[in-house]
Amino acid sequence: MGSFLLFNLILGMHELTANIISWIAAVLFAFLTNRLWVFDVSTGSCMEFVKQMFSFFAGRFTTLAIEEVILFIFVTILEFHSLFVKIPAQVIVIIINYVISKRFVFCTDS
């Protein structure tokens, strides 16, 4: 949210561009924190690590597309204030991201 607000509201960047740049920074950070602390998983090989990272980014890319559609409809077309759309959109995305990570990316047998 902080980087989105910086790019969109402070620097005046278009909401969709600001969202993509913020997304890239957030996903890089999230992969490391989710892997190390949230789901506490490890991989046995480099190939497993790459597969895990690819799955993580693919899931996040899916939710980015969902969020971009929400922003496009409510901010670009309907002209709602970007902050009032971004917050509920983030709640939706966070829930979907958690489910994707838990069920498909960092799934364990336990």
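Residues are numbered from 1 along each chain as its sequence is written, and side-chain values use heavy atoms, with hydrogens and water left out. Because the model is predicted, local features need pLDDT of at least 70 and side-chain atom pairs count only at pLDDT 80 or more, while totals for chains, interfaces and linings use all residues.

**Helix α1**

Helices are DSSP runs of H or I with at least four residues, numbered from the N terminus. Helix α1 spans residues 2-10, and within it Phe-4, Phe-7 and Asn-8 are buried (under 20% relative accessible area with a 1.4 Å probe, protein chains only; exposed means over 50%). Viewed down the axis of α1, these buried residues fall within an arc of 85°, so they line one face of the helix; the arc is that of the directions from the helix axis to the C-beta atoms. Gly-2 and Ile-10 are exposed on the other side of α1. The cover over the buried residues includes α2 (15-38) and α4 (82-105). Just after α1, Gly-12 adopts a positive phi of about 75°.

**Nonpolar cores**

A nonpolar core is a set of buried Ala, Val, Leu, Ile, Met, Phe, Trp, Tyr and Cys residues joined through side-chain atoms within 4.5 Å. The largest such core has eleven residues, among them Trp-23, Phe-31, Phe-56, Ile-100 and Phe-106. Two or more of its residues come from each of α2, α3 (46-77) and α4, and α2 gives the largest share, four residues. Leaving aside residues up to four places away in sequence, Phe-31 touches Phe-49, Gln-52, Met-53, Phe-56, Phe-57 and Phe-106 (heavy atoms within 4.5 Å). A second, separate core of six residues includes Leu-16, Ile-70, Leu-71 and Val-75.

**Pockets**

On a 1 Å grid over the protein atoms alone, a pocket is an open set of points where a 1.4 Å probe fits, with protein on both sides within 12 Å along at least five of seven lines; lining residues have an atom within 4 Å of a point. A volume is the space filled by probe spheres set on the points.

| Pocket | Volume | Nearest the centre |
|---|---|---|
| Largest | About 440 Å³ | Ala-26, Gln-90, Val-93, Ile-94 and Asn-97 |

The lining of the largest pocket comprises 22 residues, with α2 supplying the largest share, eight residues.
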